[in-house]
Amino acid sequence: MTNRLQLKWFGGLLLSCSVAAAAAPVHQHGLAEAAVVVDGEQLTVRFRAPLMDILGTEQPPADAPARVRYEARLAQITAPQPSPAAQCEPVSAATSSVDRLFPEQEGHHSHANQDQQDAHHEAHSHHQDVENEWSFSCASVEQLKAVGLPFLDTFPGLTTEVVLLLPAGQNALRLAPGETRISLE
């Protein structure tokens, strides 16, 4: 029981650090991060990548068609695929959306003059990241041998650094561009 509590605490700490790192100014295009945590029957996968690598821009959508394109691109970051033998069922998902990334859109606020508008857009032009998290409940967690991130095929320029927090211990690995499978063995 103590080991499980320690793993849960450490997993929470890692995910918290990941969130804190997202707020830090360090931002490297072409480099994504993932965390895979197995705690009891629960699998949690977190993915973070520079918005530029997903959308090709960090600017808010200029119009309704751009907004639709952004949402379609973000929707390509699909749920991870745990080993089928582990019988994992989705429990929750927190995914990035245009509304979460760009909470203030044209029409939702007004600017008194062009200088204010330019300053506003400058303030929102900082580096942003896409952050998604999925949780699964696994009936046969002992059969969980890998987790696939099939959407990485859609973003072939991304290298993904992965942190693993598993019952057997912690580890880290790097997925080269085009690699989509995270081995848990």
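## Overall architecture

Read along the sequence, the protein chain follows the pattern α-β-β-α-α-β-β-α-α-β-β-β-β-β, and it has five helices and nine strands, where helices (H or I, at least four residues) and strands (E, at least two) are DSSP runs numbered from the N terminus. This is a predicted model, in which local features need pLDDT of at least 70 and side-chain atom pairs count only at pLDDT 80 or more, while totals for chains, interfaces and linings use all residues. Residues are numbered from 1 along each chain as its sequence is written, and side-chain values use heavy atoms, with hydrogens and water left out.

Of the 185 residues in the protein chain, 40% are buried; buried means under 20% relative accessible area, exposed over 50% and partly exposed in between, with a 1.4 Å probe and protein chains only. Among the contacts in the protein chain with a separation of 6 or more, 74% are between residues 24 or more positions apart, a contact being heavy atoms within 4.5 Å.

## Strand pairing

An open sheet of three strands runs in the order S3-S6-S9 with antiparallel pairing, two strands being paired if DSSP finds at least two bridges between them. Strand S3 (81–82) and strand S9 (181–183) stand at the edges with a single partner strand each, so one side of each is left without a neighbour in the sheet. S3 pairs with strand S6 (residues 146–148) in the antiparallel sense over two bridges, and Gln 81 stands opposite Gly 148 in S6.

Strand S7 (residues 159–166) and strand S8 (residues 169–175) also pair in the antiparallel sense, over seven bridges, and a hairpin joins S7 to S8 through two residues. Within this pairing, Leu 164 has Asn 171 in S8 as its bridge partner.

In helix H3 (residues 64–74), the buried residues are Ala 66, Tyr 70 and Leu 74. They cover an arc of only 70 degrees around the axis, which puts them on the same side of H3; the arc is that of the directions from the helix axis to the C-beta atoms. An α-helix has 3.6 residues a turn, so residues three or four places apart point the same way. On the other side of H3, Ala 64, Val 68 and Arg 69 are exposed, whereas the buried residues pack against helix H2 (51–55), helix H4 (98–101) and strand S5 (129–138).

At the start of H3, a side-chain oxygen of Asp 63 comes to within 2.9 Å of the backbone nitrogen of Ala 66. This is a polar contact, defined as a pair of N or O atoms within 3.5 Å; within protein, one must be able to donate a hydrogen and the other to accept it, and residues adjacent in sequence count only if both atoms are side-chain atoms.

## Two buried loop residues

Thr 57 has its place in the loop between H2 and H3 and, at 18% relative accessibility, counts as buried. Its side chain reaches the backbone nitrogen of Gln 59 at 3.0 Å, and, leaving aside neighbours within four places in sequence, Thr 57 is in contact with Leu 51, Met 52 and Tyr 70.

Ser 96 lies in the loop between strand S4 (88–94) and H4 and counts as buried at 10% relative accessibility. A polar atom of the Ser 96 side chain lies 2.9 Å from the backbone nitrogen of Glu 131. Not counting residues up to four places away in sequence, Ser 96 touches Leu 74, Leu 101, Val 130, Glu 131 and Asn 132.

## Aromatic pairs

A search of the whole structure finds three aromatic pairs; rings of Phe, Tyr and Trp (its six-membered ring) pair if their centres lie within 6.5 Å, and planes under 30 degrees apart count as stacked, over 60 as edge-to-face and the rest as tilted. The rings of Tyr 70 and Phe 102 have their centres 6.1 Å apart and their planes at 45 degrees, so the pair is tilted. This pair links distant parts of the chain, with Tyr 70 in helix H3 and Phe 102 in the loop between H4 and helix H5 (114–123), 32 residues apart, and both residues are buried.

Trp 134 and Phe 151 form a tilted pair, at 6.2 Å centre to centre and 35 degrees between the planes. Trp 134 lies in strand S5 and Phe 151 in the loop between S6 and S7, so the pair ties together parts that are 17 residues apart in sequence. Ring pairs link Phe 47, Trp 134 and Phe 151 into a cluster.

## The nonpolar core

The largest nonpolar core has 37 residues, of which Val 36, Leu 43, Phe 47, Ile 54 and Leu 144 touch the most other members; such a core is a set of buried Ala, Val, Leu, Ile, Met, Phe, Trp, Tyr and Cys residues joined through side-chain atoms within 4.5 Å. Strand S1 (31–39), strand S2 (42–50), H2, H3, H4, S5 and S7 each supply at least two residues of this core.
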